Number of protein chains: 2
Amino acid sequence: MALIVQKFGGTSVANIERIRHVASLVKREVDAGNQVAVVVSAMAGATNQLVAWVNELSDLTADAALKEYDVVVSSGEQVTSGLLALALQELGIPARSWQGWQIPLRTDGAHGKARIEQIETDRLKATLKREVAIVPGFQGIGPGDLITTLGRGGSDTSAVALAAALGADRCDIYTDVDGVYTSDPRVVPKARKLKKVAYEEMLEMASLGAKVLHTRSVQMAMSHNVRVQVLSSFEDVEGSMLVEEKEVVERRLVTGITYSNDEARITLVAVPNTPGVAASIFGPLADAEVNVDMIIQNISEDGKTTDMTFTASKTDAARAVKVLEGLKAALKYRDLVMDTKVSKVSVIGVGMRTHAGIAQQMFKTLADKGINILAITTSEIKISVLIESEYVELAMRAMHTAYDLDAVEEKIAPAAPRSKKAS
Amino acid sequence: MALIVQKFGGTSVANIERIRHVASLVKREVDAGNQVAVVVSAMAGATNQLVAWVNELSDLTADAALKEYDVVVSSGEQVTSGLLALALQELGIPARSWQGWQIPLRTDGAHGKARIEQIETDRLKATLKREVAIVPGFQGIGPGDLITTLGRGGSDTSAVALAAALGADRCDIYTDVDGVYTSDPRVVPKARKLKKVAYEEMLEMASLGAKVLHTRSVQMAMSHNVRVQVLSSFEDVEGSMLVEEKEVVERRLVTGITYSNDEARITLVAVPNTPGVAASIFGPLADAEVNVDMIIQNISEDGKTTDMTFTASKTDAARAVKVLEGLKAALKYRDLVMDTKVSKVSVIGVGMRTHAGIAQQMFKTLADKGINILAITTSEIKISVLIESEYVELAMRAMHTAYDLDAVEEKIAPAAPRSKKAS
């Protein structure tokens, strides 16, 4: 007998028929003799509707407004938690819903993007012996007994945190794709599903563009050593398991190739090359909460000026331009250029720790296809390059082949659409 | 400075534009220097959608199911409470929402139709000095810290109970009609709005067909002496005030005329006329929770059999027929006849306590129009008659004129539709 946490995303509970199907997936675990806690998202579209109403009324700059935002948007998960409990009861499975404040699932007071601090599990654990617990994802209770929400992707985090707190044997994240792939199958038709992925790899893949799991949930799984399985609620096939690096027995240099189009490149042309110039540029950007990714600095031939280039997400870049235009007099640059037709392509794999030549292979593959590299960043287990957006698909397919990731079978891309997750 | 409770029904908060308008009505009270607590229903239609989902999944016979019903349907009021707080904040009025469990508003454990037991007001009252409190109607917290709901019409009850607990100076119930009328203006175009209505009259009117306030809220207002005002959130006109009988200075014999089409008449033909026959019929009906209204017993000429006739709501009557058919052998009746084409028309007024001849006037008016009376019940301040449904409108208009209730002006029927209230 095991203790399992199952999590179902918005498309998995999109309507009553889907909720009935989810109940049958829960029943299967119960029938197998397991204790089960379930985390649910809001019905697909519900959160967007609630957020739209809120946005009509408020720009959400005040903390008092964010508190009410949490009251409104957390209701979507409340609805599905009750409905799934009813669906299970109809199958003869005792079940009840547990709102964040009933557990309680304590968070800090950062409304709209709260962090889980503590989950009280004594009462919950006792009830799991006789009934399934349905926990609405995404929501918690903060200081002053106010409702909080965890931000986008929060339901994955709820599930992993609950699994960690309960000491669950497994945390199954059901979604509309059937696992973690070597690359996005819509771009790379030969992408293969991975049976096992190391936490660190998944973390890089999530932050570098893969939508399948939210970064925070992977961080939490890694730090609490939660065995997370990603699988489909639409197709009854084996999923992918997040495991410790030593458990990945399959020998491979590269595990996955991801991309992100949410990139912009900003260049300050001919900034006087004085000591401290980088600090005077990136200090104000940090103050404006601009998340700078790659940085490239070219010194002019005479050494007197420098071109300073960096990348950021498109939203952050727009804010960065505002900040830097305000600093033109102080920074004394000649020109500011922003380019949003750039993309980041990354190769990820724990195999890089022990194998040289992976970067070399990447540069050669891109050069062979005539693709220019605009910037490079690396870490121990990933290499990212910035390229012009129009080459993204070509680059990914070429690298997928170059790193020997192509599926042996003709095509095993999933049937279900790969979509953004709601919460 | 006064403490006011304002309650807004589902049509009053049906969309963001209406919620903004409601915020302006709250602001008016705040600007006048009052402390304000607001009770809101769910957006019109929201509760029906939630109930429909629940009904797709469960027949709600088990208590565990009713608990989840409450989790699901209470979310509608949670949404509007947060949205109205945001709308007020945007107008510069500090405001926050208080869910039933946050107050706490304690109820018994009768899920789906809970009764309010206690409202803790110390914390709430302290905050009213600096901000508006928005309380979702219809919801509370029961034993085991489970969410409860008060049943249909529950938001009116929430508002009156909150006003009583806070010792509010007034409880304003905003709805889609602008007050209490002498009769339904859709049926009786000459119906007049009443400035003042005695609690007892309103209670009879609510139970006898008037939809404007829920019976339980009137009972509560009466027992706690809450000054309730009924007024429109759509039109800025004076409403109707519920007051003690002695405050109704206007002299009148009859205050209102109501009707109900939700009536059925059941006759057991030729039941042996033995002692205890009534008990053997109505005992089992009471066990089946059939609410019997009028009863008529005719003894046959030889005294050996009796025809037993009674009325009940259409839903209850269907259940009664099942029960009585099961008892046919025991009761030995010859035949069972159900007639659903009957309606109840009632005249109500505290003036009846002191004036004779009001029933006489009613019977004469109906006789003059050739309308047959099928059954009669009376209380100290009301007379109800059962008639064939097709005569309802004729009967009501005739009585409205006979009791001198017709408006002096040509027509002052309200512009807004008179509709059933959601919660």
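Me: Two strands pair if DSSP finds at least two bridges between them. Strands (E, at least two residues) and helices (H or I, at least four) are DSSP runs, numbered from the N terminus. Which residue of β12(A) does A:K196 stand opposite?

Reply: This is a predicted model, where local features need pLDDT of at least 70, side-chain atom pairs count only at pLDDT 80 or more, and totals for chains, interfaces and linings use all residues. Side-chain values use heavy atoms, without hydrogens or water; residues are numbered from 1 along each chain as written, and chains are lettered from A and ligands numbered from 1 in the order written. β10(A) and β12 (residues 240–243) of chain A pair in the parallel sense over 3 bridges. In β12(A), the residue opposite A:K196 is A:M241.

Me: At what angle does helix α7 of chain A run to β10(A)?

Reply: Helix α7 (residues 199–207) packs on the sheet and touches β10 and β12 of chain A; contact means heavy atoms within 4.5 Å. Axes are lines fitted to C-alpha atoms, for helices over the stretch in contact, and angles run from 0 to 180 degrees between N-to-C directions. With β10(A), the direction of α7 makes about 80°.

Me: Which strands stand at the edges of the 8-strand sheet of chain A?

Reply: The open sheet has the order β3-β6-β2-β1-β9-β11-β12-β10, with mixed pairing. Each edge strand has a single partner, so one side of it is left without a neighbour in the sheet. Those strands are β3 (95–97) and β10 (196–198) of chain A.

Me: Across which strands does helix α4 of chain A lie?

Reply: Helix α4 covers residues 75–90 of chain A. It runs at about 160° to β6(A).

Me: What is the bridge partner of B:S343 in β20(B)?

Reply: Strand β18 (residues 335–348) and strand β20 (residues 382–388) of chain B run antiparallel, joined by 7 bridges. In β20(B), B:S343 has as its bridge partner B:I387.

Me: What is the average twist from one strand to the next in the 6-strand sheet of chain B?

Reply: This open sheet runs β16-β17-β15-β18-β20-β19, with antiparallel pairing. β16 (295–299) and β19 (375–379) stand at its edges, each with a single partner strand. From one strand to the next, the average twist is 25°.

Me: How are the two copies related?

Reply: Copies are superposed by least squares on C-alpha atoms of residues with pLDDT of at least 70 in both. A rotation of 179° with 0.1 Å of shift along its axis superposes chain B on chain A, with an RMSD of 0.2 Å. The copies are thus related as by a two-fold rotation axis.

Me: In chain B, which residue has the C-alpha nearest the axis?

Reply: That C-alpha lies 2.9 Å from the axis. It belongs to B:S75.

Me: Is A:C171 buried or exposed?

Reply: Buried means under 20% relative accessible area, exposed over 50%, and partly exposed in between (1.4 Å probe, protein chains only). A:C171 has 0% relative accessibility, so it counts as buried.

Me: How many disulfides are there over all chains?

Reply: A disulfide is a pair of cysteine sulfur atoms within 2.5 Å. By this rule, the count over all chains is 0.

Me: Over which residues of chain A is the pLDDT below 50?

Reply: pLDDT is the predictor's confidence in each residue, from 0 to 100. Chain A averages 92, and 96% of its residues score at least 70. Where pLDDT is low, the predicted coordinates should not be read in detail. In chain A, the stretch below 50 is residues 410–423.
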